[in-house]
Amino acid sequence: MSRDGKKILRGINLEVGDREIHSIIGANGAGKSTLAYTLMGLQGYEHEEGSIIFNGEDVAVLSITERAKKGITLAWQEPARFEGLKVRDYLAIGARGNGGITEEEIKEALRKVDLKPEKYLSREVGEALSGGERKRIELASIITMKPKLAILDEPDSGIDVVSLKEIVSLIRTLKENGSSVLVITHREEIAAASDKASLMCEGVILRSGDPLEISEFFKNRCIPCDNRVSPPKVV
Amino acid sequence: MAQITLNALSRETEDITAAYTAAGGDAAVLHNHGLASLVVSGNKVLSANGTEGIVLEKKETEYGVDIKMTIKKGYKIPLPVHLCFGLVPKDGIQEIKMDFVAEEDSAVELIAHCTFPNAEKVIHKMDAEMVIGKNASLKYTETHFHGPYGGIQVLPKAHIKIEEGGSYYTNFSLISGRVGYLEFDYSVDAEKDSICEMVTKVYGKADDKIKILERISLNGENARSVIKSRLAITDNAESMFRGITEGHAPRARGHVDCMEVIQGNAKAEAVPIVRVDNPLAKVTHEAAIGCVDKKEVETLMARGLEEDDAIDIIVKGMLA
Ligand SMILES: Nc1ncnc2c1ncn2[C@@H]1O[C@H](COP(=O)(O)OP(=O)(O)OP(=O)(O)O)[C@@H](O)[C@H]1O
Ligand SMILES: [Mg+2]
């Protein structure tokens, strides 16, 4: 994967199991968001070689919509805003593919992200929402979609510390509801709640394994960057 | 003969009522005698119903109707007044002249639906002179419903004077059906402590042409205004927006905001103009023309929508 002629992802080898919470950790600029965008197939993030096998099928050539219909979705690090679109309608969009959604299910999704339904259902997903509110609504939209693979890009950023617990419990709920979760995070609490973690550095997955070990390794050996242990091999 | 006229009239009433409903109006309100309403089809007044505090005079002319509506001093009309203007046949001319006065301390909301469901060669002209008296308030929303043929010219022109402490809020929307040719020309004189908000929302398709000219002159101290325009154009449609706000008095505050989304071969031009000749006045503007935001589209696609449906939802949201 390159951007403007610069290789950003190199020889990524990553496996996420069924109903697994898998966290991706790594320094700023390591390529985590780029990996998320490539998996989702966003414009400008088309992969160059290799394959993205999802449920036994290579989805690397599919459009965003086609990937989403197979059950892959993405929550952006900084979610878009939609002028004039009501929270209620936004949350219903993802559920169209699985036969729609009831008002009660929409409310339940909002409660899961700790937003009072009566206060938010009729609000616009627009400028008037704070960054943190918008992030929560983004996560609620992932819940209502019931994806097979939820890619969450820093669901914890911009969320107050008190609410971190809720984000962790939300990720667990996604798993209980049958989703695999690939979560990009800088927070140990989220890594700790994962089944597995991978460490990313300069566009490669350096190692995968037990989340606590990976997290410790990242803290002690990667900052400051220790080239002796992490010479990224260019492929 | 009288019998025939009556039949013809009642059929026209039925037609316009159906068109009114299609335009999003609630037909029941037109027949509710507790609510003030006025229904004009072509140059015929099909029904006119005033309520306490509202004086309604109307005169049929060759191509339309002259209307004089006065909200009497001190009357706050509790329920909106419904207006329906339209032309059901595929061709014709409709000229509405409107003389509106909201007397001192009065308040009213007018909800107008303009419906031309079959227009192939129709001209709809509206000339309005409106006076919002001292501390009076007028809320005016006008929703258009045009058919699919595009052969319509809509030419609304209004001059509004808002006297001291008065407020005027207007929302013009033309989203359903083809625009045809629209030339919207409103100009406002705002006196001391008055408030003016003007919103236009238009969706142009095929070879529709949209011209929007809005002018607000903040003449009095502390007068405040917002011009907000949301235009979406696609195919070969063209739009031209001019929003002018002039600050002539201390602490006058104005803002011009135009956002346009273009797709296909559509062409858009937006010119916000601010003029200030009083150092204590402040007028600001913003204008943006662009395609639909990529992140918004990709977000909806990542929830399973096709690209076209995603764009449609985003555009409709902007125009909502
Ligand atoms: N459009 C682009 N053109 C060139 N380089 C880019 C582009 N987008 C991203 N990059 C570079 O790719 C690298 C990876 O960026 P990415 O956003 O994936 O990092 P990240 O791991 O998500 O970081 P953070 O923790 O700050 O979110 C960075 O060095 C960035 O500068
Ligand atoms: Mg990132």
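Start with strands E15(B) and E17(B), the latter covering residues 253-262 of chain B: they pair in the parallel sense over 10 bridges. Strands pair here if DSSP finds at least two bridges between them. Strands (E, at least two residues) and helices (H or I, at least four) are DSSP runs, numbered from the N terminus. Find Ser225(B): its bridge partner in E17(B) is Gly254(B).

E15(B) has another partner. Strand E13, residues 195-204 of chain B, pairs with E15(B) in the parallel sense, again over 10 bridges. Here Gly204(B) stands opposite Ile233(B) of E15(B). Buried means under 20% relative accessible area, exposed over 50%, partly exposed in between (1.4 Å probe, protein chains only).

This is a predicted model: local features need pLDDT of at least 70, side-chain atom pairs count only at pLDDT 80 or more, and totals for chains, interfaces and linings use all residues. Residues are numbered from 1 along each chain as written, chains are lettered from A and ligands numbered from 1 in written order, and side-chain values use heavy atoms, without hydrogens and water.

Now the cores. A nonpolar core is a set of buried Ala, Val, Leu, Ile, Met, Phe, Trp, Tyr and Cys residues joined through side-chain atoms within 4.5 Å. The largest has 79 residues; Leu110(A), Ile137(A), Leu152(A) and Leu300(B) touch the most other members. Helix H3 of chain B (residues 307-319) gives the most to this core, with 7 residues. A second, separate core has 65 residues, including Cys196(B) and Ala223(B).
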